[in-house]
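Subject: Handover of a structure

Dear colleague,

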Amino acid sequence: MKTVTSDVERVNRRNAELVLSGTLCKRSQCHTLCVGSGLVCFVSFVEMRYPLGHCCRMDTLEELLTCRLDFGAKAVEPCSIIIFGASGDLTARKLIPALYHLFIEKQLPDPFRIIGFARREKSEIAWREELYAALQQFSRTKPVDAAQWQTFSANVFYCQGDFSDTASYQKLEQQLAQFGHESLRRNLLFYLATSPSQFAEVVERLHKAELLHRHDDKAWWQRVVVEKPFGHDLPSARKLNSELTRFAHEKQIFRIDHYLGKETVQNILMFRFSNAIFEQLWGRQSVDHIQLTVSEKLGVGSRGSYYEETGALRDMVQNHLLQVLALVAMEPPVSLEAESIRDEKVKLLKSIRSLHPAQVPIHVVRSQYTAGEIDGNPRLGYRQEPKVSPDSNVETFVAMKLFVDNWRWSGVPFYLRTGKSLPLSASEVRVQFRPTPNVLFAAQCGPKLDANAITLRLQPNEGISLRFNGKIPGATMRLRPVRMHFSYNTEFGAYTPEAYERLLLEALSGDATLFLRSDEVETAWGVVDAIRTGWGSAPLSEREFYPAGTWGPAAADDLLAESGHAWRNPQPIT
Ligand SMILES: NC(=O)c1ccc[n+]([C@@H]2O[C@H](COP(=O)([O-])OP(=O)(O)OC[C@H]3O[C@@H](n4cnc5c(N)ncnc54)[C@H](OP(=O)(O)O)[C@@H]3O)[C@@H](O)[C@H]2O)c1
């Protein structure tokens with residue numbers, strides 16, 4: 001009963017704070033609750049005003065106790081979204097479904113317009129029909145609500161043109177002018193879903209057509225969202241940065257890494273910096289080593305020609321893995337402002353010990369999958385995949401041991417690995433703590449006494465587990481590791497918004513926290529380029545192959561074994 005009283009008190013106190021903050025739309029009548037011998041009055045639900053202006057009912061104790069961080073966020077202003085590369089795969093599979101869901105959740109501004117820009121000749125009606133068919137296939141909610149689609153798609157337009165053609169940009173400008181509303185003509189989000197080699201040209205031509213102004217104007221805004229990959233090495237990333245920033249201010253450029261749009265990746269910061277118990281253990285005194293695994297069950301499939309130019313190191317490590325590493329290991333930022341968080345991430349990336357070419361074979365393992373079997377199904381080897389050279393030396397697996405040379409992490413190995421055609425698709429971070437002193441249970445059990453670990457499961461079956469040892473019930477003294485598990489789905493329901501929804505919304509509201517800054521991208525390329533320099537042009541050796549369906553080559557295990565460590569493979573969580 002005591003707990004109920006204190007919860008009610010907290011609710012009422014919180015309610016009072018919310019009322020004072022002026023963000024309440026509506027408050028319900030007073031409800032009474034019997035607490036011991038007395039009656040306590042509390043509010044059963046409140047309606048809160050969300051940043052985008054709509055009201056939403058909060059009616060459970062958990063919600064009332066929820067701390068919202070985005071009440072100060074700027075509402076998204078009426079604007080137009082122009083997608084370059086609108087007839088492409090990304091637009092159909094990710095961008096339009098994300099925009100549609102933002103629309104049905106009333107997160108898009110009113111009014112808004114979307115213009116798709118691409119080369120193919122097609123009518124607006126035909127494009128809308130194509131998008132509708134794709135939405136039915138790729139939407140995360142099914143069936144698609146036909147009435148909602150009608151309303152949404154009435155705001156979707158097509159502009160046929162070539163990126164290199166000045167007249168096409170004039171046509172775009174005329175199309176925007178027809179929208180009438182000044183915000184729809186001057187608040188513009190340009191999404192570059194094009195080949196990376198076209199980013200600079202589109203931005204330059206937008207600038208010359210006076211659709212994109214290089215400023216941080218308070219009245220009107222134009223922003224450019226740039227897809228990955230951002231360059232293919234440090235010099236090309238630098239060149240692209242300098243080309244883009246000639247025509248757009250750094251603050252107007254939003255470089256995508258869709259991993260940062262994932263709930264679980266965002267949760268890393270909250271987990272670390274809103275919980276005192278974990279943060280105190282987060283460093284060299286308590287942590288033995290950290291493992292970061294991003295495994296994919298799929299092979300390269302139809303992306304052979306892209307992958308031949310990229311490989312696992314550039315496709316996954318330069319962006320996703322180093323981003324997750326930065327969030328796991330960075331220092332607390334001075335505030336939750338985008339620049340403070342990005343400053344800390346850059347500092348962390350700069351602290352990664354750079355590898356001399358001679359050290360690369362000792363610290364990094366590369367490998368390529370050969371034919372094998374996954375879930376009982378035969379799988380092709382990489383060299384047999386479509387559009388892959390039969391003597392390709394491109395790596396489909398990479399594992400590495402990195403050190404972060406700063407005060408907190410000095411001497412703690414960070415093991416990173418990623419690969420294709422592995423037994424399971426999963427992304428997780430395992431923070432492995434130091435073992436107990438070799439007395440008492442450790443002295444008796446030896447290596448059988450498992451060290452504690454926290455696993456952040458980023459996908460799928462998102463959650464966080466703490467592993468510790470417990471006594472097996474019974475008359476005998478027996479110990480074994482047990483797991484305490486928090487599951488997102490169990491706690492919050494199966495709510496899995498697409499990363500692109502969050503990222504588009506952030507770009508529309510001008511919050512760059514989840515996007516990469518130029519120095520962040522360049523620093524990450526520096527880490528990866530050093531490894532590629534170490535590999536040089538040497539072909540893969542016999543030891544640098546693994547059968548599809550295994551967890552990579554033996555050399556990846558040896559990499560950890562020499563320090564007395566072993567990979568903990570992600571497990572299917574039921
Ligand atoms: N697809 C994905 O899941 C995914 C995931 C992550 C990142 N990305 C990145 O997103 C970008 C786009 O990928 P995508 O898969 O959507 O590419 P895509 O399917 O090849 O589409 C390319 C688009 O660009 C248009 N285009 C090409 N040259 C043009 C020109 N000169 N003038 C006008 N339009 C032109 C094409 O129009 P026409 O067809 O009309 O010629 C098409 O709409 C790439 O940077 C990619 O790396 C994609």
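Predicted model: local features only at pLDDT ≥ 70, side-chain atom pairs only at ≥ 80, totals over all residues.

The surroundings of the ligand

There are 20 residues around the ligand, and those that come nearest are G85, G88, L90, R119 and R120. By class, this shell consists of seven charged, seven polar and six nonpolar residues. Helix α3, which spans residues 89-104, supplies four residues of the shell, the largest share.

The packing of helix α3

Helix α3 also packs against helix α17 (residues 499-509), with the two axes 8 Å apart and at an angle of about 70 degrees. Since angles of 65 to 115 degrees count as roughly perpendicular, α3 is therefore described as roughly perpendicular to α17. On the side of α3, the contact involves K94, L95, A98, L99, H101 and L102, which meet Y500, E501, L504 and L505 of α17. This contact between α3 and α17 has seven nonpolar residues, together with two charged and one polar.

The sheet

The model also contains an open sheet of nine strands with mixed pairing, in the order β21-β20-β19-β18-β12-β17-β16-β13-β22. At its edges stand β21 (479-487) and β22 (545-547); each has a single partner strand, so one side of each is left without a neighbour in the sheet. From one strand to the next, the twist averages 20 degrees.

Strand β19 (residues 453-459) and strand β20 (residues 463-471) are antiparallel partners, joined over five bridges. Within this pair, T455 stands opposite S465, and L456 has I464 as its bridge partner. Three residues lie between the two strands in this hairpin, where N461 takes a positive phi near 50 degrees.

Which strand pairs with β20 over nine bridges? That strand is β21, and the pairing is again in the antiparallel sense. Here the bridge partner of I464 is F486 in β21.

With kind regards

Methods. Residues numbered from 1 in each chain as written. Near = placed C-beta within 6 Å. Nonpolar A, V, L, I, M, F, W, Y, C, P; charged D, E, K, R; others polar. Pairing = 2+ DSSP bridges. Axes fitted to C-alpha atoms, helices over the stretch in contact; angles between N-to-C directions. Parallel < 35°, antiparallel > 145°, perpendicular 65-115°, else oblique. Contact = placed C-beta atoms within 7 Å.
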